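These exercises cover strand pairing, sheet order and backbone angles. Work through each task with the structure open, then read the solution.

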Amino acid sequence: MKTLKTLLLLTLFLNIGTLLAQESNGEQKTEMNEIDKANKTINDANTSIKNTNESVKSTVDSSKETIATIGTIFGSGKKKKKEKNKSNITIGIQQVTYDNENLNSLYNHISKTKGVKAPVKKYSNGSALITVDFKESADALWQSIPKNVRSSFKMIEISDNNIVVQFFDN
């Protein structure tokens with residue numbers, strides 16, 4: 001009898017274990033299906049994001065081309081801004097000879113000044129005229145010349161675009 005009870009108990013436990021194992025496998029299959037569905041949703045979202053990014057990039061590229069085209073039609077604002085910043089400065093030197101070393105030194109220093117473009121020196125009737133394109137004021141240009149070079153000239157007049165000096169021997 002004891003053996004029979006033991007066998008019955010053993011059979012009962014085996015049946016319960018089998019049922020639990022089958023139930024566990026069913027839950028695992030359900031969980032796997034849900035994981036597969038979640039992975040598919042994630043992949044679909046990634047594809048959608050990738051497509052959206054490509055669309056935005058294409059739109060930005062097209063916009064850049066359109067802006068460039070419009071810029072060429074109406075002219076570039078940067079170019080106009082540069083032209084406004086550059087001014088023509090005239091320096092008149094009175095009572096000086098053409099071959100004066102101080103005049104040549106002044107012209108050489110002006111020509112080598114950073115930001116100076118297109119320096120031109122003219123001479124007529126005891127006066128020299130130096131014209132340059134410079135992005136700053138006439139005073140800034142004059143101050144950029146070394147003091148020992150400037151000391152040979154007496155300042156007569158200075159404005160935004162004009163300087164008038166007179167040569168004198170020290």
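A residue counts as buried under 20% relative accessible area, as exposed over 50%, and as partly exposed in between, with a 1.4 Å probe and protein chains only. The model is predicted: local features need pLDDT of at least 70, side-chain atom pairs count only at pLDDT 80 or more, and totals for chains, interfaces and linings use all residues. Residues are numbered from 1 along each chain as its sequence is written, and side-chain values use heavy atoms, leaving out hydrogens and water.

**Exercise 1.** Find the order of the strands in the open sheet.

Solution. Begin with the terms. Helices (H or I, at least four residues) and strands (E, at least two) are DSSP runs, numbered from the N terminus. Two strands pair if DSSP finds at least two bridges between them.

Step 1. Strand 1 (residues 87–94) runs parallel to strand 5 (residues 162–167), with five bridges joining them.

Step 2. Strand 1 also pairs with strand 3 (residues 127–134), here in the antiparallel sense and over eight bridges.

Step 3. Strand 5 is joined to strand 4 (residues 153–158) by five bridges, and this pair is antiparallel. Three residues lie between strand 4 and strand 5, which form a hairpin.

Step 4. The open sheet has five strands in the order 2-3-1-5-4, and its pairing is mixed. Strand 2 (117–124) and strand 4 are the edge strands, each pairing on one side only. From one strand to the next, the twist averages 20°.

**Exercise 2.** Which residues stand opposite Ile 93?

Solution. Step 1. In strand 5, Val 165 stands opposite Ile 93.

Step 2. In strand 3, Ala 128 stands opposite Ile 93.

**Exercise 3.** Which strands does helix 3 touch?

Solution. Step 1. Contact means heavy atoms within 4.5 Å. Axes are lines fitted to C-alpha atoms, for helices over the stretch in contact, and angles run from 0 to 180 degrees between N-to-C directions.

Step 2. Helix 3 (residues 101–112) packs on the sheet and touches strand 1, strand 2, strand 3, strand 4 and strand 5. The direction of helix 3 makes about 5° with that of strand 3.

**Exercise 4.** Locate Gln 95 and state whether it is buried or exposed.

Solution. Step 1. Gln 95 lies in the loop between strand 1 and helix 3.

Step 2. Gln 95 has a positive phi of about 55°, although it is not a glycine.

Step 3. Gln 95 counts as exposed because its relative accessible area is 54%.
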